[in-house]
Amino acid sequence: MIAPIKILWLIPLLPLVAAGISAVLPRTCRKAAASLAIGAMAASLVLAVIAFVHTLPNTPREVLNFKWFDLGTTTLQLGFVLDPLTALMAVMVTFVSLLIFIYSIGYMAHDDNFARFFCFLSLFAAAMLGIVVANSLLLLFISWELVGLASYLLIGFWFHKPSAAAAAKKAFITTRIGDIGFFLGIVWLYSKSGTLLFYDNGTGCLEQSTLNQLLTQTALGGMAVSTAISLLLFCGAVGKSGQLPLHVWLPDAMEGPTPVSALIHAATMVAAGVFLVARVYPLMSTGTALHVVTWVGAITAVFAASIAVAQNDIKRILAYSTVSQLGYMMMGLGVGGVSVGMFHLITHAFFKALLFLGAGSVIHGCHEEQDIRNMGGLRKFMPVTFATYAVGMMALCGVPLVFSGFWSKDAILYAAHHWEPSSVPFFLGVVGAFLTAFYMTRQVYYVFFKPANPALRHPHESPRVMTIPLAILAVFAIALGAIGTPAWPWFQSFLGGETVHLEFAKLGEAMGLMLLSTVVVAFGIGLSFWIYRRETTADPLEVKFSSVYRLLQNKFYVDEIYEATIIRLNAALAKTFAWFDEYIWGGLVSLVSTLVLLISNFSRESDEKLVNSGFDEGCATVRDSAWLLSKIQNGQIQRYMRAIGLALCLLVIALLWGCS
Amino acid sequence: MKEVACKSTWPHGRHALDSLMTMLDQIFVTIKQWLLTFIPENLHPIGSALLSIVAIISVFGTAFALTTILERKGLGRIQNRYGPNRVGPCGFLQPIADAVKMLTKEDIVPYAADKVLHYLAPIVLTVPIWLAFAVLPFGRNMSAIDLDAGIVFFFAAGSASELAVFMAGWSSHNKYSLIGAMRGIAQMISYEVPLVLSTIPVLMLSGTLNLNEIVNAQSGFAFGVGKWNVLTPWGAAGFLLFMIAATAESNRAPFDLPEGESEIIAGYLTEYSGFKYALFFLGEYLGLFAVTGLAVTLFLGGWNAPLAFLSVLPSWFWFFAKFGALIAVFIWARGTVPRLRFDQLLNFAWKFLVPLAVVNLVVAGIWHFASVSWPAPSLSRPLEYLETVAPRWLACAGLFFAAYEILGRVLSLKRAPRTYRYAE
Amino acid sequence: MTPLSYYLGLSGLLFAVGFAGAVTRRNAVIVLLGIEFMLNAANMNFIAFWRYGVSGTAPTGIMVVIFSIAIAAAEAAVGLALIIAVYRHRQTTQLEQIDSLKG
Amino acid sequence: MPNKITFCLTAIFTLSAAVAAMRLRNPVHCALSAALAFAGLAVAFLGLDAEFIGFAQILVYVGAISILTIFTVLLTRGSEVEQRAAIFSRSWITGIAITIGVTGAILLPVFSSSLSFKTAPVAASAPVQSIGNELMTRYLLPLEVMGLLLTAALVGAVVIAMSDAPDKKRLVVPASVGRASVTGFSSEVLPAKAGTTNQRELTTV
């Protein structure tokens, strides 16, 4: 049996190969492209499951490092790591991706660029899996940027829509701002520790010797170098995971096809930031960087949830909900460690993918209608979609006991409650939970319960290939909660490398908090039903609190603020530089070129008049003598051969004579 | 047929049956040894060679006669008629009647023909083909000569047939003959390339050009099934390529354009009759036999038994059983597949078979390096054995199949599926 | 045992025959054949010297001949292609008529 | 002694085939005798214990180069017999004279050298295995260069011999033979066709 670590590299490689092959396939090979992508993904899933099973009995972390290239005396190493974190993420990513790939067959069935879509999807999955298995910050960064590229391509997939093209650019540039920090962090880390491998037999940058060394050095303001590096790395996570203040790209990214929204902007890619923080957690936890993580997460959670209350686009609501939930994960990482954040990441991945795919199914069924005010009564027309969507909604709201979201969110709140430095994040978390319940209920009410909109013609249920992934995801949205309850925290102990025991006493400790969150959720759902029960066209909140509502509907004017400050400043600077280029530097260049032209003209004149006449004379003489010589060459090849034979004879005679 | 030292791999008998079977297996070798005792010691090399020649000529001459009648009967069955059934029991003496007819027919030489070449052509075709049989191992310790570069010898011996075809076509001084000859040569040259390329994986993996050693490399059993080359992805692919190219090399349907009756009368055979025609006929069948024997040797494990418990039967029996089965496949293909057009024929060779054979080389290389890097554990642990062998298998087969798909699509690019119109 | 000089003599005569053909025949194809004979004569020498040389185990001469045969194949292919191309332009393969390169 | 007899037979066969190849008047006969000479040479190689080279010689020279030559002869209408009148020309006589000189120049050193009466060492063999090993180790670079050369020659030969009008899709070798015959057909068929159309026109007029 080959050790799973030896074949770990196949997990990202298979989708990459699939992407490469389908990139050169002609556009008409739709079936081939789709089956290639799905086949590769399924194979990756099998491998990931093998790796996961391998890590189940608390096997120690395994790494496989190899040399990439030598640069002078420095050797750049890349590597792969297999630990519970990797295995878990790999299974999650491959599984969700596989379901979404299958779903895409139905959703993209009428698209001309079907093959290209699957090529991009495979590329994305390959890059994401590359992040997951990387044991080197460098390899992680390469995959990270590939993920960015793939998401750019996929958001702008319908590039003929100006809004999609703009959204793609926005996403790419915004995340790049975070990546600058990330890259600076990598460079700094490399210069300080001399290695970018995470784990390398005690000398990796996440292992104790290096951490101690980083901790003792200080950067500006008395901050430990490790804290500074952590904050820079966190910049990257902020960009990718849409945390405040770089969250603006995520809602716009909903311009892409819905499977893309589900895959990239709900389940996997945005989780990359959270995963990054979890991966470098040993580095993060050495200093006070986790405080920043907690605060950013908590503020983002409430901020985004409050915006979601006043949105009308079905996918945008989900997008802001994603931002908010990512904030939760960050907060969980900050207050409770890797297991708390990752648990929410996993559960969220499933129910958010479910919600997005459900939304896609709704949009598909309503003929590309996205405004929830124009929908209504779909409960009857799309029973499967409704049922699964409701499961996802309840999981997201955290309806107690049955749904996975309840347990993962509760774990975060529990950890926040016990956080020493401040109790504000806990209250922000509770407010966020209330807002989540409120806006999700509002959305579900508008889409499924409100009386049907007569303008909506023939809404229909989606095909089997789309509803089956929904059902599978729904099962997981419920079932996953069971592995991380306080009574049986298998998940947490798996990540921590401990064995698990069933203790109902633990449940009692968390009981108070569970009751509180149950009340909050119930209140949110109830309030929402009560407000929206009347069948009015206008939003009751808009009527009552119009100024607040407008503020929320315009997303706290963040885009506008950016427009007025950063972008305008940038434009002004660009204009100045353009002016400099055109007049100052351009003027200099044309001055020099005029001078050169003058000199060369003079040179040409002297050449033609003086030098050439002498050459002409000489050439005539040479030509005359060459005419005589050319008589020998008469074009008769056999005469040449005879000459060669004669020469051979003469040579041999001369040799024999010389010898004797 | 000559013994190759006494390195028999036969497990020496525990039972009387075993020793009896060993004796049966080596019966021809023993007979030859016995016959050699009658001549003086210093003439042994010549005597041995003569005995081998006599044996080969008689066996394959009989096989020729048998194949003609079986082919005619088989084609008859495929075409829903009886085939020859008048001479002898069930028509099985038809070859003798044919021979008598051929030998007694008038031998006509056209007035304008180049007499010498016209006379020499059938001889040049037939004689070198016999040489090719010399290196084929027909059974354990049964090959006429044990050449180090056996397969090169085989192809070298076969290369004279192109010249013979040209001589026949050109010397007849007939338009159809010349066209047939040109078609024949172009086809033989084109298909020689995939033919040779498809054998190279076998040579690569067994590391020798000696046909006896290639057969030895395929001896042994895994899970009771012989370790034949055809049971590996590169071997299966190579076998298919080899069989297709071999069909074309021996000018058989569906690649029988050089003699396409409906187009150019009988190609380069147009001006031949009587005994010379019979010689051509013989030469073509011998070419087919030789190449079939090579296919058996390279891909089907030579004289090795297919299943472990079947190895009690003598080795020469297995060689001729496989040989007969392949000949049956050739007959079947002739009765089933329609003839190609000439440009299709050449495109198929150069744009499909040759690249595919090159891909197969790469596949064989990957297979070799995979088996060196991850050697398969012993057969006693079948699960682990499968675990290491299956990925290698899938990867190699997948690579070849992908190349097959892509090349096939490229070859049929811009060709709409054929449509049929019927009279209304 | 045959002495070395027999083989060298054969190769020398073969060379001479090839040379004579190359010098006297007019048909370009036959001139090319003559050149092939000369090449083959050289191959014969290589093999003979290898066989009669000091080191009978290292296949030195054989290697040279393998490469020489490969070169001969390339040469024949290109040479004959050239003859066909020339024939297409000038409708002849008679060498004395192909003399556009005269000075 | 039997060795010498075999050698002499081979040598006489090879040389007479070579002389025939150089002196026969029909180029097709020349090419076929050349094939014979090449085969004889291969036998001589076998006599020198160079098994692999002997087979390779047959494979390449008889199997490929002769065929190629014959194709060229046919494609260039070279199969017409040369006229005898031109044989004893001035250039022919100088050619033969120089050839005799060259022969002397080669054979003189051969037979005057003491080395040439050396007999062969007993054990000399080059098994295919060792040739393969040498090709992959010491002669790897020449092998690669040779591969490049053969590829270049292949592409070059196809490009040179390709028809000037690439829009006419036809095969390099056999189709041109076929075409010659087809034009032969059409020249017979065409007038009849023209006649029929003319008749039809006349009747309509």
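Mentor: A nonpolar core is a set of buried Ala, Val, Leu, Ile, Met, Phe, Trp, Tyr and Cys residues joined through C-beta atoms within 7 Å. The model here is predicted.

Trainee: Which residues touch the most other members of the largest nonpolar core?

Mentor: That core has 211 residues, and the ones touching the most other members are Val277(A) and Ala353(A). With residues up to four places away in sequence left out, Val277(A) touches Phe234(A), Ala237(A), Met284(A), Val293(A), Met330(A) and Leu333(A). Another core lies apart from the largest one and has 189 residues, including Leu294(B), Phe46(C), Ala18(D) and Ile98(D).

Trainee: What makes Phe491(A) count as buried?

Mentor: The cut-off is 20 or more other C-beta atoms within 10 Å. Phe491(A) has 26 C-beta neighbours inside 10 Å, so Phe491(A) counts as buried.

Trainee: Where is Phe491(A) found, and what is Phe491(A) in contact with?

Mentor: Phe491(A) is in helix H21 of chain A, residues 490–496. Leaving aside neighbours within four places in sequence, the contacts of Phe491(A) are Ser339(A), Phe343(A), Ile483(A) and Gly484(A). Pro84(A) is 407 residues from Phe491(A) along the chain, yet their C-alpha atoms are separated by 9.8 Å.

Trainee: Why is strand S1 of chain A called hardly covered?

Mentor: S1(A) covers residues 62–71, and of these ten residues the count of buried ones is one.

Trainee: How do you know that S1(A) and S2(A) pair?

Mentor: Pairing needs at least two bridges between the strands. S1(A) and strand S2 of chain A (residues 74–82) are joined by nine bridges, so by that cut-off they pair. The two strands run antiparallel. Asp70(A) has Thr75(A) as its bridge partner in S2(A), and Asn65(A) stands opposite Gly79(A) in S2(A). The hairpin has two residues between the strands, and Gly72(A) in this hairpin takes a positive phi near 65°.

Trainee: How do you know that the span of helix H15 of chain B agrees with its number of residues?

Mentor: The expected span is 1.5 Å times one less than the number of residues. H15(B), residues 382–411, has 30 residues and should therefore span 44 Å; the C-alpha atoms at its ends are 41 Å apart, which agrees.

Trainee: Where does the kink in H15(B) lie?

Mentor: The kink, of about 30°, is at Val389(B), shortly before the proline Pro391(B).

Trainee: What makes up chain C?

Mentor: Chain C has three helices and zero strands, in the pattern α-α-α along the sequence. Of its 103 residues, 56% count as buried. Among contacts in chain C with a separation of 6 or more, 51% are between residues 24 or more positions apart.

Trainee: What makes up chain D?

Mentor: Chain D has seven helices and zero strands, and its pattern along the sequence is α-α-α-α-α-α-α. Buried residues are 32% of its 205 residues. For contacts in chain D between residues at least 6 apart in sequence, the share joining residues at least 24 apart is 53%.

Trainee: How many residues of chain C and chain D are in contact with each other?

Mentor: 57 residues of chain C are in contact with 71 residues of chain D. Helix H1 (4–24), helix H2 (28–52) and helix H3 (60–90) of chain C each supply at least two residues of the chain C side. H3(C) gives the most, with 19 residues. By kind, the residues on the side of chain C that touches chain D are 42 nonpolar, eleven polar and four charged.

Trainee: How many residues do chain B and chain D give to their contact, and which element of chain B gives the largest share?

Mentor: Chain B gives 23 residues and chain D gives 22 residues. On the side of chain B that touches chain D, two or more residues come from each of helix H6 (150–158), helix H7 (160–171), helix H8 (175–206) and helix H14 (342–373) of chain B. H8(B) has the largest share, seven residues. This side of chain B divides into 17 nonpolar residues, one polar and five charged.

Conventions:
Residues are numbered from 1 along each chain as its sequence is written. Chains are lettered from A and ligands numbered from 1 in the order in which they are written. This is a predicted model: local features need pLDDT of at least 70, side-chain atom pairs count only at pLDDT 80 or more; totals for chains, interfaces and linings use all residues. Helices (H or I, at least four residues) and strands (E, at least two) are DSSP runs, numbered from the N terminus. A residue is buried if 20 or more other C-beta atoms lie within 10 Å of its own, exposed if 12 or fewer, and partly exposed in between; C-beta atoms are placed from the backbone. Two residues are in contact if their C-beta atoms, placed from the backbone, lie within 7 Å. Ala, Val, Leu, Ile, Met, Phe, Trp, Tyr, Cys and Pro count as nonpolar, Asp, Glu, Lys and Arg as charged, and the others, Gly among them, as polar. The bend at a residue is the angle between axes fitted to the seven residues ending there and the seven starting there.
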